[in-house]
Structure formats: C-alpha cells, structure tokens
Amino acid sequence: MTTEVDYQQLNGVALAYMGDAAYEVIIRRHLIAAGLAKPNHLQKKATHYVSAKAQAALIDLMGQDKILSEDEWTMFKRGRNAKSYTHAKNTDVVTYRISTGFEALMGYLALSGQQDRVDELGQWCIEQVEAGRTE
C-alpha cells in the first residue's frame, strides 16, 4: 500500500520523524555490513553516528563543506525551528534542535523521492564520523 504524502505541508517535527528512520536504516546497514552483529555493540557504535551531538556536528560540517543546496538548508532550518515539546535527556536544547533539523532534512529528501540523495548524504556522514570529524 503506497500513500502519497504532501511533504511540503508537513511540519519540521513530522519530517524529522521520517528522517530519523531513514538515516538510522543507512547507519544500521553500514554497521551490519561491517560485521557487527551483537545488539549491545551495534547500539553503542551507532551512537557515534546518530546521537544528537553527532548529527549537530554533521550538519555543521555540511555547512563548512558547502554540500547542501539552498532548498536543503531551508528544510534543515524548518526542522531546527520547529516547536517540539520534548527533547533528549542527554543533550542540551540547542544541540537537540539542530539535530532535529538534520533529521528533518533527511525526512524531506526521503519523502520527496530523493533516496539517492539520502544515500549520498548518509555515506558522506559515515565518512565524516569514521574520519573523526565529529569529535
């Protein structure tokens, strides 16, 4: 069953909800392909890629490296500025909002049928984390 979604009308938090899942699948696929199979080890390793701190660092690097289009930056800002009534227990509000923007960008790309771009950015993120640029 395929349902059309008007991603242009979704708020940033809804886009982030989708983007979180899209990005998490990329990271999990990468970790499994790297031979990691124990659930506890997988979760610990995944944190280096998917934590609010890591995502905030990645979006900062995207800005530095100028890899996002103007439309992509707009979607990031839409997510970053969205009103959320929750925030992560292990990070500050600013970092959480920036990571929400990162996830909203990924959600926008996934819902708008740009899976190749989601994969491209996901691979770029993996490379940045593995190069130690997010620490």
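I will take the ring pairs in turn and then the annotation. Keep in mind that this is a predicted model.

How many aromatic pairs does the structure hold? There are two.

The pair I start with is Y23 and F102. Their ring centres are 4.9 Å apart and the planes stand at 80 degrees, so this counts as edge-to-face, given that the class needs an angle over 60 degrees. As for where they sit, Y23 belongs to helix α1, residues 12–33, while F102 belongs to helix α5, residues 93–111, so the contact ties together parts 79 residues apart in sequence. Buried or exposed, for Y23 and F102? Both are buried.

Next, W73 and F76. Here the ring centres are 5.3 Å apart, and with the planes at 80 degrees this pair is edge-to-face. Both residues are in helix α4, which covers residues 70–80; they are three residues apart, so about one helical turn separates them. On accessibility, W73 is partly exposed, with a relative accessible area of 23%. F76 has 5% relative accessibility and counts as buried, because the cut-off for buried is under 20%.

Last, the annotation. Which position carries the feature "active site" in UniProt? The record, an unreviewed entry, places it at D20. With a relative accessibility of 32%, D20 is classed as partly exposed.

That is what I have; questions, please.

Technical notes
Residues are numbered from 1 along each chain as its sequence is written. This is a predicted model: local features need pLDDT of at least 70, side-chain atom pairs count only at pLDDT 80 or more; totals for chains, interfaces and linings use all residues. Side-chain values use heavy atoms; hydrogens and water are left out. Rings of Phe, Tyr and Trp (its six-membered ring) pair if their centres lie within 6.5 Å; planes under 30 degrees apart count as stacked, over 60 as edge-to-face and the rest as tilted. Helices (H or I, at least four residues) and strands (E, at least two) are DSSP runs, numbered from the N terminus. Buried means under 20% relative accessible area, exposed over 50%, partly exposed in between (1.4 Å probe, protein chains only). UniProt positions are given in the numbering used here, feature names are shortened, and annotations may be inferred rather than shown by experiment.
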